[in-house]
Structure formats: C-alpha cells, structure tokens
Amino acid sequence: LKDDEPWKRLGIIVTADCDIVERKHGGVLSYVPVLDIRDYLSAFVFPIFFKRALRPTGAELATLIRRYQAENRSEFSVLLSSEAALSWAETVSADELASELRIGDERDRGKFVELAQAYLELHSASNAGTYDQMIGVLVKERRRAGGKEDVFWKEVQNIVDNLPGDCFYLGRVSSTHKRMYVAYLRLVREVREQEVAVLATDLEKPEVVAKRISRLTSPYVYRLTQQLGDVFASIGLPKDYEQSRTGCATTLRAARASDEKEQDR
C-alpha cells in the first residue's frame, strides 16, 4: 500500500477467491494488515518490557529523591510523594536533579545520576522511541541491572514462538520483502478492488493505492484463514461460568466429604 504508516504498508487479502470470481464481494476486498516484526514488537511487546523495567527503576529513584530531599532540602515542609518525585525527574536532566537535591558525595552523586538517566531513557523511549531506540535502551537497562543480553533475546524469541491466536508469523511476504512479518488477524480492513493494481499498467491509474506483490501459498493461506476464523468465532463466557468450571473438583470433593459425614452418623 502507498503509505508510510506501519499498519498500511502491507496486507493479505482474505476475501474468498470464489466470492471474487462470482462477483459476490461488491467490489470491496477485505484484508488483514501485515506488520514488519520490528513494528509488531515495538507496538505490542516492548511496551510490556518497558513497564516491567520502569517499575523497579522508578521505585528506586523515587526512594532516593525522597531521601535526599529529607536530608538536604529541609526547607521543604512536605515530602514529595513517589509520583511527584518521578514527575519531577521527568522534567529535568539527571545532573540538574542531582544538583537540586544537593548530593555532595561524588560517588553517591554518580550512582544517582546513572539511575536517574536510566529512568529518563526508559521513560522517553517507552513513549516515543523507534525500534532501534527501544532495543538500545532495553538492552542497556538490562546490563545496568546486572542481567544478560542473551536472556533478553531469548525472551523475544519465546514471544515470537508463542504468538497469540490473532497473530500469524510470516518468514517473508514476497521476493523483495524478505524481512520477518506478522499478520494481525484481529484488524480486518477494506479496500476497493479498483484501487488495487494487479497488472503493471494498472499502476498508472489515479485511483490505485495498492499493488499485488505476491500470493500466499498452501498450507499457509489455509492456516491463516483457519486462524482468522478462530479469532472471530471465539465466544466469551460469563465469569461465574468460568469460576464454576474452575471450582468443579473442589465442589465435588466437598460434596463427597459431606456425604461421608452423613453416612457416619
């Protein structure tokens, strides 16, 4: 598709071939977006990683800010809350924050600045970072916290190996699109058939917004459509139903114990 937005770059037509041949689709083609694996990770996976990393880093930083405020800024009658401390940290540089808190000891100041800078980088990248920025900050924080980069990549691999049911992994999309991709099956979009170029000459038409670059072959096309059906065929059930099923064995055990008591009497 002619767009720089990740959700509009690539897609797989899921309108049935027979509907297109028999003209039952009303000239409208349904498709599911295909994301570069990097865009998928940035949108769905890395935010979880950042949340997990920000929690302990933010808690440690807030504790230090409150401690140094109490020790070095006695003119403040009210101690900052943890939330207010982090909000303050997000508005100034790490060095400025250390100066405001009057951290004199060189070693303590160095450790504090390193922690505050790590928090700032995590916060900034989690809100508006590119894939490369996110990776850089997450790996850097993992090392700072004493973790190993290998473990980080193993976690990423595990996520790709166990994608949720509304995602379908694709090794490549065409001979010129060989990067790894994920078809996002929960979002079905539409495009007018006349807006899709099938032949090279169609590209000259002003209404064309997309072009066909390849065809998904068997067995992948069948697995994708099967998985697509599963996404929308699934029906959620009430919580009390789920709780009843989960507690089935416990209820049966309690009933048996009650029966045995009655028999003993």
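**Around Asp 36**

Me: Which residues does Asp 36 touch, not counting those up to four places away in sequence?
Reply: Asp 36 touches Arg 179, Met 180 and Tyr 181. Keep in mind that this is a predicted model.

Me: Which strand is Asp 36 in?
Reply: Asp 36 belongs to strand 2, which covers residues 28-36.

Me: Is Asp 36 buried or exposed?
Reply: Asp 36 has a relative accessibility of 12%. Buried means under 20%, so Asp 36 counts as buried.

Me: What joins the side chains of Asp 36 and Arg 179?
Reply: A polar contact of 3.3 Å links the two side chains, Asp 36 and Arg 179.

Me: And what is the bridge partner of Asp 36 in strand 4?
Reply: Tyr 181 is the partner of Asp 36 there.

Me: How many bridges join strand 2 to strand 4, and how do the strands run?
Reply: There are 3 bridges between strand 2 and strand 4, and the two run antiparallel.

Me: What about strand 3 and strand 4, how many bridges there?
Reply: Strand 3, residues 167-170, is joined to strand 4 by 4 bridges, again in an antiparallel arrangement.

Me: Which residues are on each side of strand 4?
Reply: Strand 4 spans residues 181-184, with Tyr 181 and Ala 183 on one side and Val 182 and Tyr 184 on the other. These residues are all buried, and both faces of the strand are covered.

Me: Back to strand 2. Is Pro 33 buried or exposed?
Reply: Pro 33, which lies in strand 2, is buried, as its relative accessible area is 0%.

Me: What is Pro 33 in contact with, leaving aside neighbours within four places in sequence?
Reply: The contacts of Pro 33 include Trp 7, Leu 10 and Gly 11, and also Val 182, Ala 183 and Tyr 184. Leu 187 and Arg 189 are in contact with Pro 33 as well.

Me: How many Å separate the C-alpha atoms of Pro 33 and Pro 6?
Reply: Those C-alpha atoms, of Pro 33 and Pro 6, are 8.7 Å apart, with the residues 27 apart along the chain.

Me: New topic, helices. At what angle do helix 2 and helix 3 pack?
Reply: Helix 2 (residues 37-72) and helix 3 (residues 82-89) pack at about 95°, and their axes are 9 Å apart. The two helices are therefore roughly perpendicular to each other.

Me: Which residues make the contact?
Reply: Helix 2 supplies Gly 58, Leu 61, Ala 62, Ile 65 and Arg 66, while helix 3 supplies Ser 82, Ala 85, Leu 86, Trp 88 and Ala 89. By class, this contact has 7 nonpolar, 2 polar and 1 charged residues.

Conventions: Residues numbered from 1 in each chain as written. Predicted model: local features only at pLDDT ≥ 70, side-chain atom pairs only at ≥ 80, totals over all residues. Heavy atoms only, no water. Axes fitted to C-alpha atoms, helices over the stretch in contact; angles between N-to-C directions. Parallel < 35°, antiparallel > 145°, perpendicular 65-115°, else oblique. Contact = heavy atoms within 4.5 Å. Nonpolar A, V, L, I, M, F, W, Y, C, P; charged D, E, K, R; others polar. Buried < 20%, exposed > 50% of the residue type's maximum accessible area, 1.4 Å probe, protein only. Polar contact = N/O pair within 3.5 Å; in protein donor to acceptor, adjacent residues only side chain to side chain. Pairing = 2+ DSSP bridges.
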